[in-house]
Amino acid sequence: MIKGAVLDMDGLMIDSEKIVYENWSKMMADNGYPYSLDIYKTTLGKRKAEVEKIYMTLYGKDFPYWDFADKSHIMYLDRLNTKGIPVKPGLFELLDYLKENKIKIALATSTSRETATKNLEVCGVLKYFDELVCGNDVKNGKPHPEVFLTKLGLDPSDCVAYEDSLTGIESAHRAGMITVMVPDFLQPTEEIKPMINKLCNTLDESIEFLKTL
């Protein structure tokens with residue numbers, strides 16, 4: 001039996017990435033910038049400093065990335081505070097299973113600690129987590145393995161990592177963890193497939209896999 005589970009947040013536990021995409025689509029259209037889902041997908045699983053480079057490459061050095069990022073964050077928090085954020089299918093079933101089997105649970109997200117904590121509180125899952133590792137807690141973003149080398153005090157080989165993004169899977173694989181991918185916007189590429197130990201449609205679908213470890 002595994003001893004720890006490390007979960008990503010956006011796109012894996014909560015349906016936040018669709019909301020962020022809607023926000024960016026509106027802002028870009030309002031300001032006359034061409035935009036698409038394919039462009040948005042290139043930013044998934046990355047920290048803001050890395051995302052800035054992507055937008056600068058596409059739209060030029062004068063692109064007001066941080067103004068847009070700040071506005072998107074305000075729009076997201078307004079949605080979070082007024083309507084909440086939908087959770088992904090099977091989230092509570094998985095978290096309950098982990099708790100019942102005394103498996104430590106950690107968060108590994110590129111999102112800031114403040115926003116991540118707010119998300120987990122609103123969705124009613126903060127109480128499940130033994131440790132939070134957020135974007136501003138590490139020097140290196142995914143696919144570097146740092147965010148997955150958590151403070152649970154466990155050997156990485158005794159932990160399973162849950163991710164929806166390609167950079168996240170690579171990060172967890174490089175950390176030496178068993179990996180479970182539950183795709184959201186991104187399907188696994190041929191390069192990433194060998195790094196995935198289990199591919200699932202929903203979070204609770206992974207429970208039977210966990211029982212085999």
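Two strands count as paired if DSSP finds at least two bridges between them. The model shown in these views is predicted.

**View 1. The open sheet of six strands, with parallel pairing.**
The strand order across the sheet is β3-β2-β1-β4-β5-β6. At its edges stand β3 (131-133) and β6 (198-199). Each of these two has a single partner strand, so one side of each is left without a neighbour in the sheet. Strands of a sheet pair through backbone hydrogen bonds, either parallel or antiparallel.

**View 2. The pairing of strands β1 and β2.**
Strand β1 covers residues 4-7 and strand β2 covers residues 104-108. Four bridges join the two strands in the parallel sense. Within this pair, L7 stands opposite L107 of β2. Helix α5 (residues 91-100) packs on the sheet and touches β1, β2 and β4 (159-163). The direction of α5 makes about 155 degrees with that of β1.

**View 3. Helix α6 across strands β2 and β3.**
Helix α6 is formed by residues 113-123 and lies across both strands. Relative to β3, helix α6 runs at about 135 degrees.

A disulfide is a covalent bond between the sulfur atoms of two cysteines. The cut-off applied here for a pair of cysteine sulfur atoms is 2.5 Å. For C134, the closest cysteine sulfur belongs to C123 and is 14 Å away, which is too far for a bond. C134 is buried, and its relative accessible area is 0%. C159 is likewise in no disulfide; its nearest cysteine sulfur is that of C134, at 17 Å. With 2% relative accessibility, C159 counts as buried.

Along the sequence, the elements follow the pattern β-α-α-α-α-α-β-α-β-β-α-β-β-α. The radius of gyration is 17 Å, close to the 17 Å that the globule rule gives for 213 residues, so the chain is as compact as a globular protein of that length. The C-alpha trace spans about 55 × 40 × 30 Å along its principal axes. Of the 213 residues, 51% are buried. Among contacts between residues at least 6 apart in sequence, 64% join residues at least 24 apart. The protein chain exposes about 10,100 Å², of which carbon and sulfur atoms supply 51%.

Terms used: Residues are numbered from 1 along each chain as its sequence is written. This is a predicted model: local features need pLDDT of at least 70, side-chain atom pairs count only at pLDDT 80 or more; totals for chains, interfaces and linings use all residues. Side-chain values use heavy atoms; hydrogens and water are left out. Contact means heavy atoms within 4.5 Å. Axes are lines fitted to C-alpha atoms, for helices over the stretch in contact, and angles run from 0 to 180 degrees between N-to-C directions. Buried means under 20% relative accessible area, exposed over 50%, partly exposed in between (1.4 Å probe, protein chains only). The radius of gyration is taken over C-alpha atoms; the globule rule is 2.2 Å times the number of residues to the power 0.38. Accessible areas come from the Shrake-Rupley method with a 1.4 Å probe; for residues, only the protein chains shown count as cover.
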